[in-house]
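User: I am new to reading protein models and would like to learn how to go from single residues to the whole chain. Could you take me through this one step by step?

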Amino acid sequence: MISSQVRAFGRLCIGLLACGTVMAGGQTSAPAHYEPTIESLNQHPLPTWYDDAKLGIFIHWGLYSVPGWAPLVHPNHDFTSQDYITHNPYAEWYLNSMRLDGAPTQAYHREHYGANYDYYNFAPVFDREIKAWNPDKWAGVFRDAGARYVVLTTKHHDGFTLWPSATPNPKLPPDRQHATRDIVGELSKSVRGAGLRMGLYYSGGYDWTFVPGPIKSAPDYEAVKPESAAYGEYVDAQYRELISRYHPSVLWNDIDYPKSGHPLEIEAEYYNAVPDGVVDDRFGIKHTDYTSPEYQTLDKISPTKWEECRGLGRSFGYNRAEGEAETIAPDELIYLLVDIVSKNGNLLLDVGPEADGTIPPVQMTRLVALGAWLKQNGEAVYGTHPWKRAEGETVDGTKVRFTQKGDSVYATVLGSPKTSKVTLKSVSAKTGSEIRLLGDSKPLTWKQSGDDVEVSLPASLPGKYAYVFQLQQP
């Protein structure tokens with residue numbers, strides 16, 4: 001990850017107007033065949049499954065999961081701060097950080113492994129640890145958390161792949177190139193078996209086996225991007241493998257695509273193979289199915305589809321130093337999802353497993369809480385679209401977010417009601433209609449009070465964290 005850093009320096013920004021997708025209702029029919037041109041790719045309609053899904057699970061898992069450490073700094077992900085590079089909170093950037101003098105990760109590496117311990121020596125350790133991994137268990141956890149799709153890192157910036165690629169890496173010895181298990185294939189099978197869609201992430205812009213770096217200062221973000229003909233051929237070939245072998249529903253490139261590669265051809269081939277697939281905005285071309293802000297939300301409804309990606313903690317990859325204080329609280333996680341959905345977005349929520357595939361308990365508690373809330377209130381999330389406005393509040397100042405589906409509007413109150421009544425400001429309900437509280441079968445007593453709707457609550461509220469009122473507009 002960390003593509004937001006690159007964009008923060010103005011090097012990788014594709015605006016919303018470059019999107020080839022629009023909100024539901026404005027979709028065009030898919031062409032019979034896609035050509036490798038922006039004009040042809042922009043005819044790709046946003047698939048309904050993706051627009052309706054709202055929640056995906058991101059997985060960062062690889063060699064960096066063995067040391068699994070990063071400093072507990074930069075909680076707000078201030079990517080442009082002077083010391084972000086040396087004090088990087090992203091554990092998946094371990095290989096870069098361990099090579100920087102003065103970096104806490106370098107000190108950690110020397111203390112635990114020795115100054116001369118090569119990063120790629122983690123490969124046999126990782127291969128030993130993953131023998132305990134159960135992909136079916138992961139798939140069940142993600143399904144129960146309420147996710148509708150999964151995106152796995154197939155190759156991060158360190159160049160190590162999670163599938164046995166037929167395209168050899170000329171820079172690494174054979175036993176350090178890829179995992180011994182076909183993690184991509186096994187997880188794809190399990191995720192689909194659980195009824196979810198499977199997507200694949202690939203780091204096209206960085207590969208520290210081709211251009212090692214390290215990245216020491218802001219200009220290096222561009223300087224370490226491999227642009228050789230050999231690297232372009234390598235990336236093209238590995239993308240074609242991923243598409244032909246695994247038919248991913250999401251193709252999630254990071255950082256950029258090598259200028260010596262052929263992203264237009266790859267995306268056209270992908271759409272022709274998987275017509276209802278989607279691509280993100282990090283291929284370095286002016287086409288995308290959605291934009292991908294990182295640890296950032298929007299202030300208003302976007303006319304085009306977007307997807308926030310973020311970890312449950314400050315890192316994407318596993319960071320053993322993170323605990324309760326660094327992990328988003330269950331109520332804040334639910335509020336975040338509801339806010340994103342109200343503004344035409346999806347949430348791609350990352351888990352960082354330990355080397356043996358264990359999802360840390362602090363992350364599991366969040367997934368369980370999110371799944372329980374969505375089991376009760378998912379009607380206000382899945383398959384919804386933005387209402388005429390995203391934000392509102394109650395008369396006592398509690399924040400409210402709105403979504404709609406059919407003739408129903410859902411008002412989600414972000415917090416526990418303070419009294420036996422909730423008054424939604426600047427909201428009207430259809431005369432004679434029912435207002436329901438999701439999770440409670442009985443209609444509620446309500447009245448229109450000027451521009452507001454006053455709703456009497458049941459004696460006992462179902463669930464916790466956030467409460468959803470379903471009403472019909474006049």
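Predicted model: local features only at pLDDT ≥ 70, side-chain atom pairs only at ≥ 80, totals over all residues.

User: Where does A53 lie, and is A53 buried or exposed?

Analyst: Burial is read from relative accessible area: buried means under 20%, exposed over 50%, and partly exposed in between, with a 1.4 Å probe and protein chains only. A53 lies in helix 3 (residues 48-53), and with a relative accessible area of 2% A53 is buried. Helices here are DSSP runs of H or I with at least four residues, strands are runs of E with at least two, and both are numbered from the N terminus. The C-alpha atoms of A53 and V341 are separated by 9.9 Å, although these residues are 288 residues apart along the chain.

User: What does the side chain of R366 make contact with, and where does R366 lie?

Analyst: For such cases one looks at polar contacts, meaning a pair of N or O atoms within 3.5 Å; within protein, one must be able to donate a hydrogen and the other to accept it, and residues adjacent in sequence count only if both atoms are side-chain atoms. R366 lies in helix 13 and counts as buried at 3% relative accessibility. A polar atom of the side chain of R366 lies 2.7 Å from the backbone oxygen of I328. Beyond four places in sequence, R366 is in contact with residues including L312, E324, T327 and L333.

User: Which residue does the side chain of T398 reach in a polar contact?

Analyst: That residue is K418, whose side chain makes a polar contact of 3.2 Å with the side chain of T398. T398 lies in the loop between strand 8 (385-393) and strand 9 (399-405), and at 9% relative accessibility T398 counts as buried.

User: How should I read a helix, and what do the buried residues of helix 7 pack against?

Analyst: A helix can be read by its buried residues, its surroundings and its ends. In helix 7 (residues 135-144), the buried residues are P135, W138, A139, G140, V141 and F142, and they pack against strand 1 (55-59), strand 2 (149-155), helix 8 (183-193), strand 7 (345-351) and helix 13 (361-377). At the start of helix 7, a side-chain oxygen of N134 reaches to within 3.0 Å of the backbone nitrogen of D136, and just after helix 7, G146 takes a positive phi of about 95°. Helix 8 has I183, V184 and G185 among its buried residues, and its cover includes helix 6 (122-129) and helix 10 (229-246).

User: How many helices and strands does the chain have, and how compact is the chain?

Analyst: The protein chain has 13 helices and 15 strands. Its radius of gyration is 23 Å, close to the 23 Å that the globule rule gives for 474 residues, so the chain is as compact as a globular protein of that length; the radius is taken over C-alpha atoms, and the rule is 2.2 Å times the number of residues to the power 0.38. Of the 474 residues, 61% count as buried.

Methods
Residues numbered from 1 in each chain as written. Heavy atoms only, no water. Contact = heavy atoms within 4.5 Å.
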